[in-house]
Amino acid sequence: MLDSLWTPTVAGKISLPHRLAMSPLTRSRAAPDGVPTELNAEYYAQRASHALIITEGTQPSADGQGYPVTPGIYTDEHIAGWRKVTDAVHKADGRIVIQLMHVGRISHPDNTTHHRQPVAPSAIRPAGQTFTGSGMQEMPEPRALSTEEVAATVDDFRRAAAAAVAAGADGVEIHGANGYLVNQFLFPSTNQRTDQYGGSLDNRIRFAVEVATAVADEIGADRTGIRLSPGNPFRLGDLAEDDPHELYPHLVRALAPLDLAYLHLAHGGDEELLGTLRQLWPNTLILNRAGTDIATRAKDIENGIADVVTVGSMALANPDLVERIRAGAPLNTPDPATFYGGGAAGYTDYPTYAA
């Protein structure tokens, strides 16, 4: 029944030994300056048997940070820290891409090293609170990026992609999902700009396409993926997807000629839209169908809806998930209390099946 999971495939130039990959998971365990540590290297190396590791969201600039002690990839120190991680994963025969995540307005000054006001397409305050070192706080109104600053942010993604490759990553994934910056440009609920990045459908997808183009030009399209979340219930800050059946096909049509390594979809439940995007995307499609079992995810591969599937909390709690599934072994239960921040507990101490 699960045979479809174990056939080799590729994502651009990245050869995958099977089709069960690790989804990006925020863990908030980097050093205060965003440098990955030996603990991070151990965590990712433990999970190297996944077909591909997509790392936690990693800020491409100081303004891109949204949460405490998340990693960055824009300084020499960040590159050196990530090199420890990628070396450890490669030594364990794994493959790893660094997810580039600029959070935009989903932030708070207390969570960044520079304590500046968050930036966004438009000065629209997100609803809700975010975690900070002093507890939960309301997210403030962001500052709207100028047209020149939007272009500079595209360049931040380009430089971060180059830094990721310098750190030994096999590629990068652009985070265009879940209410973060790239996603914020797509919809009028968060983008009320009057320049070339706002208004029409072509204008609202422009930032996403420019970021993908810049990254692909810098490190190669065959090492560049992008994540989108059509209808995703986990979008943050009350972002409303006004026209998903019009926007997402339009965006995917614009991305397809770039010949990216893969499109990673966080599925929000709209099967019709998922089918449309599958038909429009010419290369590897990675699918995250959150909350479903392995058999359901394998069926997406059997049916041709996906080429690769990702798992989140199952990978978090089971460093040897691949081995457990192959053996039909029981799975560890994840501990939500340890998801965001802390040390080894709930991070590198989950038992392996062999143990």
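Residues are called buried when under 20% of their relative accessible area is left, exposed when over 50%, and partly exposed in between (1.4 Å probe, protein chains only). Strands (E, at least two residues) and helices (H or I, at least four) are DSSP runs, numbered from the N terminus. The structure is a predicted model, in which local features need pLDDT of at least 70 and side-chain atom pairs count only at pLDDT 80 or more, while totals for chains, interfaces and linings use all residues. Residues are numbered from 1 along each chain as its sequence is written, and side-chain values use heavy atoms, with hydrogens and water left out.

In strand β5 (residues 96-100), five of five residues are buried. The side of β5 to which I96, I98 and L100 point is opposite to that of V97 and Q99, and all are buried. Strands count as paired if DSSP finds at least two bridges between them. β5 pairs in the parallel sense with strand β4 (residues 53-58) over four bridges, and four bridges also join β5 to the parallel strand β10 (residues 171-175). Q99 stands opposite G57 and also opposite E173 in β10. A right-handed β-α-β unit is made by β4, α2 and β5; right-handed here denotes a path from the first strand over the helix to the second that runs clockwise, with the strands pointing away from the viewer.

A nonpolar core is a set of buried Ala, Val, Leu, Ile, Met, Phe, Trp, Tyr and Cys residues joined through side-chain atoms within 4.5 Å. The largest has 82 residues, of which L20, F207 and L228 touch the most other members. Helix α5 (residues 201-219) gives the most to this core, with 11 residues. Contacts of L20 (heavy atoms within 4.5 Å) include W6, H50, I294 and V311, with residues up to four places away in sequence not counted.

The whole structure contains 16 salt bridges, each defined as a side-chain nitrogen of Lys or Arg within 4 Å of a carboxyl oxygen of Asp or Glu. In one of them, R83 and D87 have their closest N and O atoms 3.4 Å apart. These two residues are four apart in helix α2 (residues 76-91), and are therefore separated by about one helical turn. R83 is partly exposed at 34% relative accessibility, and D87 is partly exposed at 39%. A further salt bridge joins R204 and D243 (3.5 Å, N to O). R204 lies in helix α5 and D243 in the loop between β11 (224-228) and α6 (244-255), so the pair ties together parts 39 residues apart in sequence. Both R204 and D243 are buried.
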